[in-house]
Structure formats: structure tokens, C-alpha cells
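Student: I would like to learn how to read a structure like this one. Could we go through it together?

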Amino acid sequence: MALDREMLLRWFHDGRARTREVFAIPKPETYYERPIPLRNPIVFYEGHLPAFNINTLIKLALKEPGIDAGYEVLFERGIDPDSVDAAKPPTDQWPSRRCVQEYGAKADALIERALSDGPIEVNGGEAAVAILEHEQMHQETLMYMFHEMAYEKKIARKPLNVARALSPARAGRTSGATQKIPAGIATLGNDTGFGWDNEFPAHWVEVPAFEIDRYNVTNGEYLKYMRATNAEPPHFWARHNGEWFWRGMFELKPLPLDAPVYATHDEADAFTRWRGRRLPTEAEYHRAAFGTPSGEERLYPWGNEQPDASRGNFNFTNWDPVPVGSYPAGASAWGVDDLVGNGWEWTSTVFDGFKGFRPMASYPNYSADFFDGQHFVIKGASPATSRDLVRRSFRNWFRPNYPYVYATFRCAA
Ligand SMILES: [Fe+2]
């Protein structure tokens with residue numbers, strides 16, 4: 001892998017700076033709270049990011065000593081238990097914030113030195129990118145974790161990047177419009193550069209003809225479904241005086257009927273069955289997003305141009321979802337909207353390694369621990385997904401009943 005040290009350093013500084021902005025959202029007195037009972041408290045994450053960088057780049061890849069062996073165990077890994085009862089934090093005695101931040105500053109200085117002139121060419125190249133993307137992935141984890149906090153425990157702020165004006169002409173279109181996708185080949189996996197282990201090896205999949213919704217299922221459609229079936233409301237909704245509201249990041253808003261519904265895999269699956277349909281597979285998602293009528297495949301739904309604010313609701317330009325169909329410049333070759341951005345897309349595919357999977361040297365436990373049949377693949381991006389993670393082969397995975405993630409869905413048949 002060719003190393004551009006200047007680029008890596010810039011990326012590192014930008015990533016740390018954005019993380020500091022994200023950590024400025026919860027009020028300081030909430031530092032030891034667990035906004036999601038299935039996860040560690042906030043303090044863990046402020047220590048985890050620098051400790052992961054040291055463990056991965058300095059100790060594992062470069063075989064050099066770390067900074068604080070105790071912290072580098074305490075903050076090593078998060079938890080993903082199957083129930084609140086099984087969610088046991090690694091300690092009852094978390095360090096003070098001052099100590100965690102002092103450790104973070106020392107770690108940052110060491111990483112900076114390694115990226116500037118450490119011997120990272122040999123086996124540190126993969127580790128260097130891994131720590132940078134790891135930081136960005138956690139920014140999203142933190143966002144949906146902080147989403148759970150009561151408004152009075154947060155300091156409201158503007159989105160971190162500037163959004164483009166939405167396209168009102170398409171905004172608010174009803175979904176229900178479907179698109180036929182003929183049989184064809186989808187390339188899954190990564191053959192172009194850095195990727196996490198679960199993205200390799202690249203391979204072809206033959207996808208039979210299918211049909212897919214052009215828009216995500218909206219809150220409005222989900223409301224009709226709830227009324228027809230007495231299904232439970234999604235986690236992101238709240239009810240006051242008989243009216244439905246959206247629990248936004250910083251405020252409660254009247255339920256936006258034309259925005260995508262955020263739902264669990266279980267809820268999404270039940271909805272599609274009620275409609276006589278099903279969730280798309282991972283390969284069908286690829287075909288709808290990156291396939292074209294001519295048979296060529298694109299890097300992104302809209303083509304091969306780099307992602308920017310005109311293509312979709314990602315990269316911290318909005319805290320919350322916007323109406324479906326707001327980004328016509330991000331539509332796929334088939335005219336399917338919002339496949340990247342405005343919420344990850346649930347698939348029916350159980351998370352597993354591709355044939356020939358090998359754990360990555362710089363983070364051997366990244367994926368393999370989750371090949372347990374208990375997690376489903378999500379694709380695309382949410383408002384809190386960094387632009388750098390918008391990559392065709394990027395895969396994310398969650399338990400089917402995990403309600404906190406910014407994930408939506410559409411029907412296929
Ligand atoms: Fe992590």
C-alpha cells in the first residue's frame with residue numbers, strides 16, 4: 001500500500017478533532033452514564049479510541065511499547081451482549097476524566113510520531129488506516145448512543161458539516177414506487193485498496209431478477225401499518241397527548257411522515273411480510289445500488305465521483321433523517337433513491353465471512369467474533385457516517401432486535 005504520510009496525519013487530526021466535537025455533546029456530569037444499557041459508559045469510549053490506536057499501530061503492528069498497560073487492557077474492546085443482564089462493564093472503578101484525557105494526549109503524540117516518521121511501511125500501513133477508520137466508525141456509535149440521552153443532558157449544536165439545500169420537487173414523494181432489476185452480476189467485496197477483513201476477497205455473485213422499492217419505507221407508511229396490525233411503535237418514536245413525535249437528536253419533532261422510518265431488523269422483516277414482500281439480500285442491495293443497465297458496475301450509486309453533500313444524507317450534515325427522495329443526484333442507475341445515506345439499509349443476509357475470509361493482521365477480532373448467525377448485514381450510510389466510510393464494499397452488522405442504530409429499510413420481491 002502506498003503511504004502518503006501527510007494525508008494520514010491530516011486524516012488523524014481531522015478524526016480526533018471531530019471526536020472531540022462529538023464528545024462535547026453530553027454534559028460533563030454524564031461522563032459515567034450508560035446511555036445504552038447494552039454498551040459501556042461514555043468514559044469507556046473516550047479511553048477506547050486512543051487505547052485502540054496504541055494497541056493496534058504501536059504495539060501490534062510496530063512491536064513497540066505502549067503507554068499504560070492497565071488502560072490498554074481496560075479500554076481494549078467494547079461489549080455486545082445479547083441481553084441487558086449479560087452487559088457487564090469491565091470495571092466498577094473507571095478513571096477520572098482528567099486521567100483519561102491525559103492518556104489520550106500522550107497516545108495522540110505517539111501516534112503522530114509514528115505516522116510522521118515511524119517505520120509504518122512494512123506492516124503498519126494497514127494498521128494506520130485501520131485506526132483512522134475505527135475512529136470514524138466510533139463517531140457514529142457515539143452519535144446514536146448520545147441520541148438516547150435526555151435532551152437536558154445534552155448541549156445542542158449545529159451539524160458538523162454544511163448541508164446542501166434539499167430538492168423539494170422529489171422530497172415527500174410517496175414510496176410504493178418499485179423498480180425492476182434484471183438478472184445480472186454483482187461484485188461483492190473489495191479489490192481496490194484498504195478494507196476491513198470482512199470485505200475480502202472480492203467476488204462475483206449472480207443475482208436473479210427482482211423488484212425493489214425506489215424509496216425507503218417512511219414513517220407515514222409505518223404508521224398505517226401500525227394502525228392496521230397493532231404493531232409496536234419504533235424506538236425513535238414517542239407519543240404525547242395522542243400525537244406521534246420523532247425523537248430527534250436534540251429535539252422532539254412532530255413525526256415527519258415523509259422521512260424514512262428507523263426500525264430494527266425484526267420490525268423491518270415483519271413490515272415487508274405484511275406487504276407480501278421481503279427484505280433485499282446483500283447481493284440485491286449491491287445490484288440495485290451499483291449495477292447498471294449496461295452491465296458495468298459503479299463505485300457509488302450515482303457513478304464514480306467522490307461522495308459529497310449533493311449525493312446523500314451522510315457525513316454529519318444533518319443530525320436526523322430528511323424526507324426520502326431528497327437527493328436525486330444520489331440515485332442509482334435504476335433510479336433507486338437514498339441507497340447511501342439517510343439511514344443504513346437492512347438486508348436479509350446473515351453476517352458472515354466471504355469464502356476465503358482471513359482475519360486481518362492489525363485487528364484479528366474485528367469480524368470473526370460476530371460470525372455467530374446472530375447478526376444481519378446493513379449497507380449504505382446514515383447521517384452520522386463519515387464520508388470516508390462511504391465505500392461499496394463496506395459492511396456493518398447488528399443483532400436483529402438492536403433498536404438504537406440509524407437503520408431503515410425498503411421492500412424487495
Ligand atoms: Fe472499537
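**Buried residues and their partners**

Tutor: Gladly! Keep in mind that this is a predicted model. Let's start with Glu148, which counts as buried because its relative accessibility is 18%, and the cut-off for buried is under 20%.

Student: Which side chain does Glu148 meet in a salt bridge?

Tutor: First the general idea: side chains of opposite charge can pair when their charged atoms come close. Here, Glu148 forms a salt bridge with Arg247, at 3.7 Å from N to O. Arg247 is buried too, with a relative accessible area of 16%.

Student: Where do Glu148 and Arg247 lie?

Tutor: Glu148 is in the loop between H5 and strand E1, while Arg247 is in strand E6, so the pair ties together parts that are 99 residues apart in sequence.

Student: How many salt bridges are found in the whole structure?

Tutor: The search finds 23. One of them joins Glu345 and Arg410 at 2.8 Å, N to O. This pair also links distant parts of the chain, 65 residues apart: Glu345 sits in strand E8 and Arg410 in the segment after strand E11. Both Glu345 and Arg410 are buried.

Student: Glu284 and Arg278 also meet in a salt bridge. Is each of them buried or partly exposed?

Tutor: Glu284 is buried, at 6% relative accessible area, whereas Arg278 is partly exposed, at 32%.

Student: And how do I read the packing of two helices?

Tutor: Look at the angle between their axes. For H2 and H5 the angle is about 170 degrees, with the axes 10 Å apart. These helices are therefore roughly antiparallel. Their contact includes Phe52 of H2 and Ile131 of H5, and by class it has 13 nonpolar, five polar and one charged residues.

Technical notes. Residues numbered from 1 in each chain as written. Predicted model: local features only at pLDDT ≥ 70, side-chain atom pairs only at ≥ 80, totals over all residues. Heavy atoms only, no water. Axes fitted to C-alpha atoms, helices over the stretch in contact; angles between N-to-C directions. Helix = DSSP H or I, 4+ residues; strand = E, 2+ residues; numbered from the N terminus. Parallel < 35°, antiparallel > 145°, perpendicular 65-115°, else oblique. Contact = heavy atoms within 4.5 Å. Nonpolar A, V, L, I, M, F, W, Y, C, P; charged D, E, K, R; others polar. Salt bridge = Lys/Arg side-chain N within 4 Å of Asp/Glu carboxyl O. Buried < 20%, exposed > 50% of the residue type's maximum accessible area, 1.4 Å probe, protein only.
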